[in-house]
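Reader: Hey, I've got a protein model open and I'm a bit lost. Can you walk me through it?

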Amino acid sequence: MKKVIIICIMVLLLVFAAAVGIGYGIGRAIKSGVNTTSAGADFKYSNPESYEMGNAEVSQKISKITINWVNGEVEVSEYNGSTLTIKDEVVSGTLRDELKLRWKREGNEIIIQYAEAGKRLDMEGFRKNLVIMVPSSWTLDELNIDVVSADSTVTLGAINEVDWNSVNGKLDIKVDSIKKLEGDTVNGDVSLYAAKKGPKELDLESVNSDVTISVPFDSSFTLKRNSINGTLDSEFSGRISGSNTFIVGTGDSDWDIESVNGKVKIKAI
């Protein structure tokens, strides 16, 4: 059993590294982060010539955003404007052209990359955030975030699905409603606050990470939880089924959390 867990963790780490296309070892990425190495980083993604460089405003409504980011923060929030805005926010260092974000539109999807592809980048002393502002009149179908050494904050009225993969980065979601949350994380806590309606589907795998879920007091869900060295703390009263299933109310929402070294808290609001 322990051997299977260790193998799964190693596979997760490799998948995370591949997702953001960083060209040095995953061990180095986890230990020190991109901002502490003078060797730089290689970013690789397909069809780099199809991307545009730098900040952008998109007026045509989109339904999906995909983000690959490192070494900073990702902030997605709504505002009263009419265009989707995408911008680099420099924290330290100089934003040279090769370090500016890249973006492109494919149908109803916007894809955002951290920097130029296919070039060795000097990252020493450089750090930047990604800031995305979504018109409040839009409802996103899907938000995909893949990050290394970057925290993610999502503040929206409603969203259908969030898919998040992280090494060394926290996720903080505050929404009115969400239908689905899926994610894998190593060394990154997850916090979900759904003021009006929690997810019908939730699937999280975490290593060295705490998970906190806050949903309305009248919520109902079936939580299947597999854990090594972790605890469950729930403000909801429910019933236990088998060794790892916790049912609240009618249990009509499906939640699945697998964790190694992490606490799970379910809060009623």
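Reader: Which residues have the most contacts inside the largest nonpolar core?
Author: Those are Ile65, Ile67, Trp69, Leu84 and Ile112, and the core they belong to has 61 residues. Keep in mind that this is a predicted model.

Reader: OK, and which strand gives the largest share of this core?
Author: That's β10, which covers residues 140–167 and supplies twelve of the core residues.

Reader: Let me pick one of those names. What does Ile67 touch?
Author: Leaving out residues up to four places away in sequence, Ile67 touches Val74, Val76, Ile112, Leu130, Ile132, Leu143, Asn144, Ile145 and Asp146. Ile112 is also on the list of residues with the most contacts inside the core.

Reader: Zooming out, how many helices and strands does the protein have?
Author: Two helices and 20 strands.

Reader: And how much of the protein is buried?
Author: Buried residues make up 49% of the 269 residues.

Reader: New topic, pockets. How much space lies in the second largest pocket?
Author: About 160 Å³.

Reader: Which residues line that second largest pocket?
Author: The lining includes a run from Lys196 through Lys197, Gly198 and Pro199 to Lys200. Pro216, Asp218, Ser219 and Ser220 line the pocket too, along with Asp252, Ser253 and Trp255.

Reader: How does that lining split by class?
Author: The second largest pocket has five charged, four polar and three nonpolar lining residues.

Reader: One more thing: what's the phi of Asn47?
Author: It's near 50°, which is positive, and Asn47 isn't a glycine. For background, most residues other than glycine have a negative phi.

Reader: Where does Asn47 lie?
Author: In the loop between β1 (41–42) and β2 (52–53).

Reader: Is Asn47 buried, exposed or partly exposed, and why?
Author: Partly exposed, because its relative accessible area is 42%, and that class runs between 20% and 50%.

Reader: What about Asn208, what's its phi?
Author: About 55°, a positive value although Asn208 is not a glycine. Asn208 sits in the loop between β13 (201–207) and β14 (211–215). At 39% relative accessibility, Asn208 counts as partly exposed.

Definitions and conventions: Residues are numbered from 1 along each chain as its sequence is written. This is a predicted model: local features need pLDDT of at least 70, side-chain atom pairs count only at pLDDT 80 or more; totals for chains, interfaces and linings use all residues. Side-chain values use heavy atoms; hydrogens and water are left out. A nonpolar core is a set of buried Ala, Val, Leu, Ile, Met, Phe, Trp, Tyr and Cys residues joined through side-chain atoms within 4.5 Å. Buried means under 20% relative accessible area, exposed over 50%, partly exposed in between (1.4 Å probe, protein chains only). Helices (H or I, at least four residues) and strands (E, at least two) are DSSP runs, numbered from the N terminus. Contact means heavy atoms within 4.5 Å. On a 1 Å grid over the protein atoms alone, a cavity is a set of points where a 1.4 Å probe fits but cannot get out, and a pocket is an open set with protein on both sides within 12 Å along at least five of seven lines; lining residues have an atom within 4 Å of a point. Grid points are joined across faces, edges and corners, and a volume is the space filled by probe spheres set on the points. Ala, Val, Leu, Ile, Met, Phe, Trp, Tyr, Cys and Pro count as nonpolar, Asp, Glu, Lys and Arg as charged, and the others, Gly among them, as polar.
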